[in-house]
Amino acid sequence: MQTTFTPEQMQDPKIQRANQILRSCVHCGFCTATCPTYQVLGDELDSPRGRIYLIKDMLENQRVPDDKTVKHIDRCLSCLACMTTCPSGVHYMHLVDQAREYIEDNYKRPLGDRALRWVLARILPYPMRFRVALLGAKMARPFARLLPDPRLRAMIAMAPKKVPPVSRNDDPQSFAPVAPRTKRVALMTGCAQKALNTDINDATIRLLTRLGCEVVVAKGAGCCGALTHHMGKSDESHAAAAKNITAWTDEMDGDGLDAIVINTSGCGTTVKDYGHMFARTDLEADARRVAEKAMDISELLVQLMTSEHIARSPNMAAMGIAGTDADAPQDGTRAVTVAYHAACSLQHGQQIKTHPKTLLKMAGFGVVEPADSHLCCGSAGTYNLMQPEISAELKTRKVRTLEAKSPDIIAAGNIGCMMQIGSATGIPVVHTVELLDWATGGPKPPSLTRAADRNPVPILR
């Protein structure tokens, strides 16, 4: 793509990066085939190629963003399926993030939009504030239909029926390995996940210590910054990220770290990009050190787990499944069928496609995948709250393809996907790490017990 940035504009490192990305686009249109919003809306401007044209025009002319441009940029999920598809290697993620920052700095949104974004930015990254908000949403549920704004109704609808109690495992501390120590790792406990589902971090700690890891929850670490980063609020996102960088480099320079383990794939995509986020700043060197140590939980587990670790927990028969199968988790039962949902931030953002499925199969589960597994479920951070109509259509499509496989369980590696899918199906939805913990001797995932009791709670307490 030809660009016309002036020499003066090219003095800005951000414009240099945008120019590099724009020039790599060859207008081929492959991205339209895998873009969820283009498939739903059928508008060229709601495809990556269309948005690239809008961003190019906006940045080259340094103009105040118009309503049309903002609408189509806001509709982008940042699922990054376009980056997987693109034969030219267009780094769309960096370009759309820069566009969102430019819009945040140069466009005055309507009052309702500003208020909503302000509330989300000051609640979701803070677990205790989020817990209070979830309780408020529960109280407001009977009155949700009276609210005029569909985004507010979506927020209330997404609140779980019961907010789990705080897990003290999320407090800064160190967990000694059960087996002989092989690694020392920091676990990122996250922000929203700590309020929505404490089972995930608990299972991660049990599994890693069973596999010989000392697990550290670093003092001062918290939200990765992704939620505000994708709203274009760079000052807030960088402040959150900087705290993590400081916390983890203190551990690296102290007793050392072999890895920074992340069990929420959306956070993992952001942490692995810290080097870019802090380029040309005083924190760049440390940010790159952190990014190099960051690993999705599945990346570490494929290094650690072998068939010898599989305990064939007797609880795996508790789903009431009879029959025989060569891959049965124990004699006299067939393999529990798991429909694996590939989170966009894992398969596209981090290009991790096979590890979770390999691990589940190793653990004795029968693994199936839905049709169009490359497409987003519509969660995408705050997208299901900010764009509820498009999100709902994507959710319906995703749940339909998952249920078509008739699975016993749906597994995913991202809390947002779990919430989104779980709100529309009676099939229990669990994190991949919970199933692996169960298969290696840990307790049955609590959400499966609740499903077996047939209190129809989609996924969470």
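A helix, as the word is used here, is a DSSP run of type H or I with at least four residues, numbered from the N terminus. In this predicted model, helix H6 contributes the most to the lining of the second largest pocket, supplying 4 residues. The pocket itself has a volume of about 420 Å³. It is lined by 16 residues, and those closest to its centre are Lys 14, Glu 101, His 276, Met 277 and Arg 280. At least two lining residues come from each of helix H1 (13-24), helix H6 (92-106), helix H13 (234-253) and helix H15 (274-277). When the lining is sorted by class, 7 of its residues are polar and 6 are charged, while 3 are nonpolar.

The cysteines were considered next. A disulfide is a covalent bond between the sulfur atoms of two cysteines, and the count for this model comes to 0 disulfides. Cys 28 takes part in no such bond, the nearest cysteine sulfur being that of Cys 86, at 5.7 Å. Because its relative accessibility is 36%, Cys 28 counts as partly exposed. Cys 35 is likewise in no disulfide, and the nearest cysteine sulfur, which belongs to Cys 79, lies 6.3 Å away. With a relative accessibility of 6%, Cys 35 counts as buried, since the cut-off for that class is under 20%.

Strands of a sheet pair through backbone hydrogen bonds, either parallel or antiparallel. In the model, an open sheet of 4 strands is arranged in the order S7-S6-S8-S9, and its pairing is parallel. Strand S7 (366-368) and strand S9 (429-431) form the edges of this sheet, each of them pairing on one side only. From one strand to the next, the twist averages 35°. Strand S8, which covers residues 409-412, is joined to S9 by 3 bridges, and these two strands run parallel. Within this pairing, Ala 412 has His 431 of S9 as its bridge partner.

Helix H23 spans residues 432-439 and is mostly covered, with 8 of its 8 residues buried. These buried residues are Thr 432, Val 433, Glu 434, Leu 435, Leu 436, Asp 437, Trp 438 and Ala 439, so that both Glu 434 and Asp 437, which count as charged, are found in the buried set. After H23 comes Gly 441, a residue whose phi is positive, near 110°.

Conventions. Residues numbered from 1 in each chain as written. Predicted model: local features only at pLDDT ≥ 70, side-chain atom pairs only at ≥ 80, totals over all residues. Heavy atoms only, no water. 1 Å grid on protein atoms, 1.4 Å probe; cavity = no way out; pocket = protein on both sides within 12 Å on 5 of 7 lines; lining within 4 Å. Points joined across faces, edges and corners; volume = space filled by probe spheres on them. Disulfide = S-S within 2.5 Å. Buried < 20%, exposed > 50% of the residue type's maximum accessible area, 1.4 Å probe, protein only. Pairing = 2+ DSSP bridges. Axes fitted to C-alpha atoms, helices over the stretch in contact; angles between N-to-C directions.
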